[in-house]
Amino acid sequence: MKSIGWGMELLVDRIIKHKKAVVIIFAALTMISVVAQFFVSTNYNMTDYLPDEAPSTEGLDVMESEFTASIPNTNVMVQDVTIQEALSYKEAFEEIDGVEDVLWLDDMMDLQVPLEMVDDSMLESYYKDGDALFSLTITTGEEVEATDALYEVIGDENAISGEAVNNATSQNMAVTETIYAAALLVPVIIIILVLSTNSWAEPLFFLTAIGVSVLINLGSNIFLGEISFVTQSVAPILQLAVSLDYAIFLLHSFNDELAKGKKPEQAMAAAMRNSFPVIFVSAVTTFFGFMALMFMDFEIGADLGLNLVKGIVFSFISVVVFLPALTLLLYKWIEKTRHKSIVPSFKGIGAKILKLRYPALILVSLLIVPSFIAQGSTSFIYGLGDLPDTTRAGADAALIEETFGESTPIVVLVPNDDIAKEEELVNQLEELNYVDSVMAYANVVGTGIPAEFLDDSVISEFQSENYSRIMVSTDAGVEGDVPFGLVEDVRELSESYYGADAYTLGESVTLYDMKETVTVDNQVVNTITIVTIAIVLMITFRSISIPIILLVTIQSAVWINLAIPYITNDPLVFVGYLVVSTVQLAATIDYGILLMETYKHHRQRMPAFPAMKQALDEKFFSIIISAAILSSVGLILWITSSNPTVSSIGLLLGRGALLAFVLVVVFLPALLLVGDKLVKKTTYKPNFYEENKEETDR
């Protein structure tokens, strides 16, 4: 302990003594990081984050090694055209860079045959009432350029939908919406911080310290090379919101020391010593909470988790090293911009809140079990989700579905050593519900024509050296009980003929595998988050009961938050659910830690009720400021983002921060007062004040 104390004293002394050098070093690191972040690419393809052992990932590897063309990922509808005009459009599509393959009616049949003689179900999958629907394969990574070129060819009156156009839309929205969110968020945070300080300059110091850490974190991604679109959209804003508390703790302590008449250097040294334990514990609990995301098999969680963990480390270093140096170097600006407190005192708020302790205890106790059950029964979306109709991609998708219905391809790869067996499988697939058509060598080319008599371009569509490719067109949709049931049926049928040598691919197949992966991830991540945070709290408070009380409080807020979509019958984007169920706990546990630390300190000098009353008086304002910032961040993400995943994360986070605030200031005090004797017995050397019989909480 003495060595830690000596180390802290040395750190404080060096920072104060070399404050100018510290500021210069951080400024240089920030500039380097700003440049570095432009060399970090963003991945919008959620398929890439599935584990290597996922069946669809293994199937994709096989197809990429065996075939040149990939799975169709885009539908293009051209209205009011003749067959010849449609063929002209097809030729134009094939000329576009990034378009690997174009599939239409002429690939299914000889167009010399009168349309009246063609099977209606097959014909209407590609050509209906003068409208033509093409299936395109767009190269991953070239979605934006390819879809822009497609829009130029088809004009405003026609439509494009599918996975590729959704990815392109997300990419186009990401930069503009991030700027828009920041433009709304920064003024809101400044207003909140102005209300919490007595200087107009202090909020700028807060934002500078955390802003520097955010930029350094973004720049450090150059060593990763690539981040996911979820990380790009969410991580910087989450880091800002979660770690602003550290800066607030430090500068509030600094002002308290100044109020005692100390000089700025002395006040900062004392503030650093006093606030370091609270900042450290808050950072460590958040660190381990975010680290749990890194254990996900679905690697988009690991990608986000790593960035948030790095962000917490950089924010902690920035607050304990850079912020003190910056504050002392520019202290005159704090003095010049002092103003009277804008917000009235919250003295007496504790007594009013504690009047609600028994109703709060009863209400939350009644809600915990139903909320836990409800949040586990919520329906989920495992993909990107539907883009809103306010975007062209969303409106186009609705138009194509209205005209042709839903069309989702499933690709089946099977060994090509038995054409008769393949024909049997094709016939069985055609009998499945929600299957519109099946294209394979066995039924398109025919079993009676030897492969050596056919053109290579025909054979290469359906056969490689080792595998046959069967294209199954379905109208079950992309995800949900029916599409996932169909995926299971196709897999079972294929495996009944070929065993483990059969592979299935496609967007609905990928989402099915994603569902299977993240369902397990959810249990792993939540368990790791709760266990690691519990251990940190146990060590911090040297208690068994205090971690349980704190975790019950915050976890109750998480369950209530995640139960609301079940009650309102709104499906949740599962990535958002998984992230928020972890982030809300990791981010809002700080509120409970701050109140608990203060209560425990006062409890050593007075009975439980007055100790809690004073703790609420002192910390209510700090907690509401932290909650307001985090909630504002979430709600602004929800309002500004057209990306369903990011929007879902924002809404859950914004609502979750408010729920955590309410439970921490109302439910947590009730739990601590009711369980005061238990806390005393299960805490190592609590040194609680011994109450006399006359001293009661009434």
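**Talking through a predicted model**

Biologist: Where is Phe38 found?
Modeller: This is a predicted model, where local features need pLDDT of at least 70 and side-chain atom pairs count only at pLDDT 80 or more, while totals for chains, interfaces and linings use all residues. Residues are numbered from 1 along each chain as its sequence is written, and side-chain values use heavy atoms, with hydrogens and water left out. Helices (DSSP runs of H or I, at least four residues) and strands (runs of E, at least two) are numbered from the N terminus. Phe38 is found in the loop between helix 2 (19-36) and strand 1 (41-43).

Biologist: Is Phe38 buried or exposed?
Modeller: Buried means under 20% relative accessible area, exposed over 50%, and partly exposed in between, using a 1.4 Å probe and protein chains only. Phe38 has a relative accessible area of 68%, so Phe38 counts as exposed.

Biologist: What is the area of the nonpolar surface patch that includes Phe38?
Modeller: Patch residues have over 30% relative accessible area and no salt bridge; like charges are joined within 9 Å, and nonpolar side chains (Val, Leu, Ile, Met, Phe, Trp, Tyr) within 5 Å. Areas come from the Shrake-Rupley method with a 1.4 Å probe, and for residues only the protein chains shown count as cover. Here Val34, Val35, Phe38, Phe39, Ile222 and Phe223 make a nonpolar patch of about 690 Å².

Biologist: Is Phe620 buried or exposed?
Modeller: Phe620 lies in helix 23 (residues 608-640). Contact means heavy atoms within 4.5 Å, and beyond its neighbours within four places in sequence, the contacts of Phe620 include Phe346, Ile349 and Phe661. With a relative accessible area of 8%, Phe620 is buried.

Biologist: What share of the residues in the protein chain is buried?
Modeller: The protein chain has 25 helices and 13 strands. Its C-alpha atoms fill a box of roughly 100 × 55 × 45 Å along the principal axes. Of the 698 residues, the buried share is 57%.

Biologist: How many salt bridges does a search of the whole structure find?
Modeller: To count as a salt bridge, a side-chain nitrogen of Lys or Arg must be within 4 Å of a carboxyl oxygen of Asp or Glu. Searching the whole structure that way, the number of salt bridges found is nine.

Biologist: Arg338 meets Glu202 in a salt bridge, but how many residues apart are they?
Modeller: Their side chains meet at 3.7 Å, N to O. Arg338 is in the loop between helix 12 (331-336) and helix 13 (349-354), whereas Glu202 is in helix 8 (residues 202-220). The pair links distant parts of the chain, at a separation of 136 residues.

Biologist: In that pair, is Glu202 buried or exposed?
Modeller: Arg338 is partly exposed, at 31% relative accessible area. Glu202 has 1% relative accessibility, so Glu202 counts as buried.

Biologist: Why are Asp396 and Arg392 separated by about one helical turn?
Modeller: Their side chains meet in a salt bridge at 3.1 Å, N to O. Asp396 is buried at 7% relative accessible area, and Arg392 is partly exposed at 28%. The one-turn spacing comes about because, in helix 15 (residues 392-404), they are four residues apart.

Biologist: Which residue joins Arg392 and Asp396 in a network?
Modeller: The network is one of salt bridges. Linked in it with Arg392 and Asp396 is Asp156.
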